[in-house]
Structures are given as structure tokens and as C-alpha cells.
Amino acid sequence: MIKVYCSDGAVFEGRTAKEVVNKMRLDNWETVPGTNEEYMEQAARRARVWDGWGIKYNNEEKFLEEMLRIGALKGIEKTE
């Protein structure tokens, strides 16, 4: 299981990083993107505005790690 803690207090949990990102996507307060990839692209654009550098990822796991690195996530717990 993976549990992520967002800087806004939200918590998302799933068996895989893909499942966690899917739950984050469905909780999007704007128009819900059709795919995880679209959601991650939108988040990457916002990250560029936020820190000037943005994030680099090629899958959901790396996306979560990058969101933690820039402070959008407060923590990631991984359990078996």
C-alpha cells in the first residue's frame, strides 16, 4: 500500500502509485482530467509556475516522488 499526504491536508491511499494518482486526479477541484497522464501534465505545468523548475517524471511513482521533492506532498508511506 502507498499513502500520500498532501500539503493541503488531503490523504490518498492505494495499492500502487497508479491507483494513488488516479484518486488524486478524481479529486481534482478543477475539471477532472480524462487520464492520469493529463492530470500529471497539468500538475507539472502548475509546478513550473510554483517553483520555476517544474517536475520530471515518466510514470506515476516518479510523479509522486517529484511532488514530494517540490513540497506539494508532505510525505509518502509505503507498506506491504
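**Chat about a predicted model**

Trainee: Where does arginine 15 fall, buried or exposed?

Mentor: Arginine 15 counts as exposed, at 61% relative accessibility. Exposed means over 50% relative accessible area, buried under 20%, and partly exposed in between, with a 1.4 Å probe and protein chains only.

Trainee: What kind of model is this?

Mentor: This is a predicted model, where local features need pLDDT of at least 70, side-chain atom pairs count only at pLDDT 80 or more, and totals for chains, interfaces and linings use all residues. Residues are numbered from 1 along each chain as its sequence is written, and side-chain values use heavy atoms, with hydrogens and water left out.

Trainee: Back to arginine 15. What does its side chain meet in a salt bridge?

Mentor: Glutamate 19, at 3.3 Å from N to O. A salt bridge here is a side-chain nitrogen of Lys or Arg within 4 Å of a carboxyl oxygen of Asp or Glu. Glutamate 19 is partly exposed, at 22% relative accessibility.

Trainee: How many salt bridges does the structure hold?

Mentor: Four. One of them joins glutamate 61 and lysine 78, with the closest N and O atoms 3.2 Å apart. Glutamate 61 is in helix α3 and lysine 78 in strand β3, so this pair ties together parts 17 residues apart in sequence. Glutamate 61 is partly exposed at 41%, while lysine 78 is exposed at 51%.

Trainee: Let's look at α1. Which residues are buried there?

Mentor: Helix α1 spans residues 17-26, and its buried residues are Ala17, Val20, Val21, Met24 and Arg25. They sit on the same side of α1 because they cover an arc of only 140 degrees around the axis. That arc is taken from the directions running from the helix axis to the C-beta atoms.

Trainee: And what does the face turned away from the buried side carry?

Mentor: Lys18 and Leu26, both exposed.

Trainee: What covers the buried residues of α1?

Mentor: The cover includes β1 (2-6), β2 (11-14), α2 (36-51), α3 (60-69) and β3 (73-78). Contact means heavy atoms within 4.5 Å. α1 lies across β1, β2 and β3, and runs at about 140 degrees to β2. Axes are lines fitted to C-alpha atoms, for helices over the stretch in contact, and angles run from 0 to 180 degrees between N-to-C directions.

Trainee: Now α3. What do its buried residues pack against?

Mentor: β1, α1, α2 and β3. The buried residues are Glu60, Phe63, Leu64, Glu66 and Met67. Their arc is only 165 degrees around the axis, which puts them on the same side of α3. The helix lies across β1 and β3, at about 135 degrees to β3.

Trainee: What comes just after α3?

Mentor: Glycine 71, with a positive phi of about 95 degrees.

Trainee: On to the sheet. What is the strand order?

Mentor: The order is β2-β1-β3, in an open sheet of three strands with antiparallel pairing. Two strands pair if DSSP finds at least two bridges between them. β2 and β3 stand at the edges with a single partner strand each, so one side of each has no neighbour in the sheet. The twist averages 10 degrees from one strand to the next.

Trainee: How many bridges join β1 to β2?

Mentor: Four. Isoleucine 2 stands opposite glycine 14 in β2. The β1 and β2 hairpin has four residues between the strands, and glycine 9 takes a positive phi near 100 degrees there.

Trainee: Which side chains of β2 are buried?

Mentor: Phe12 and Gly14, which point to one face.

Note on methods: Helices (H or I, at least four residues) and strands (E, at least two) are DSSP runs, numbered from the N terminus.
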